Amino acid sequence: MSQGNCSRPGDGHRGSEKYAYDFAMPVGTPFVAMRAGDVVHVQISHHDGQIAPKGLDNYIVVRHDDGTHSLYAHLTYAGADCQEGDRVSDGQLIGRSGNTGNTNDFAHLHVAVHICDPVSKGSDDCPTWPLIFKNTAPHPHGLERDRVYTALAD
Ligand SMILES: [Zn+2]
């Protein structure tokens, strides 16, 4: 865990983004869907090392049946194993992490659940929502920065 919820001034997880998580991982690391849903956005055209505060970000957005949307960001170039319109299941491999967009040139996977679609409506109107991971050590106050969590089998 390289950045948790409600990060310090200057880091990105504040305001409407305050419940996001960053997981440090090398470019190209496969990741799976946290929950089942429909893939509504896939952006994978940017190349690793294309770094900017806005834009140049690769991402996948999955819409869940309760209307919330999961965002997986900073993916590697061509780093999607799903397409817009796909139905994906909990635990299905959907993409590969990278170093694109607003990463401070630090490869990681940004993960957040938004109350609606953050790409089409914007994060200010669709802020992040607290999330917990049921398959790792209890974390009643959220995952903590600089800790390592082991993902257990469901
Ligand atoms: Zn982040």
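Is Asp22 buried or exposed? Asp22 is buried, at a relative accessible area of 5% (buried is under 20%, exposed over 50%, partly exposed in between, with a 1.4 Å probe and protein chains only). A quick note before the views: this is a predicted model, where local features need pLDDT of at least 70, side-chain atom pairs count only at pLDDT 80 or more, and totals for chains, interfaces and linings use all residues. Residues are numbered from 1 along each chain as its sequence is written, and side-chain values use heavy atoms, leaving out hydrogens and water.

**View 1. The zinc ion and its protein donors.** His13 (NE2), Asp22 (OD) and His110 (ND1) sit 2.0 to 2.1 Å from the zinc ion. Donors here are N, O and S atoms within 2.8 Å of the metal (3.2 Å for Na, K and Ca); water is not among the atoms, so sites may look incomplete. Along the chain, the donor spacing reads H-x8-D-x87-H. His13 counts as buried because its relative accessibility is 2%.

**View 2. Thr128 and its contacts.** Look for Thr128 in strand E9 (residues 128-129); strands are DSSP runs of at least two residues, numbered from the N terminus. Thr128 is buried, at 5% relative accessible area. Leaving aside residues up to four places away in sequence, Thr128 touches several residues, including Tyr19, Ala112 and His114 (contact means heavy atoms within 4.5 Å).

**View 3. Strand E3 and its partners.** E3 (residues 37-43) runs antiparallel to E6 (residues 87-88), joined by two bridges; pairing takes at least two DSSP bridges. Here Asp38 stands opposite Arg87. E3 also pairs antiparallel with E4 (residues 59-63), over five bridges, and there Gln43 partners Tyr59.

Methods
Helix = DSSP H or I, 4+ residues; strand = E, 2+ residues; numbered from the N terminus.
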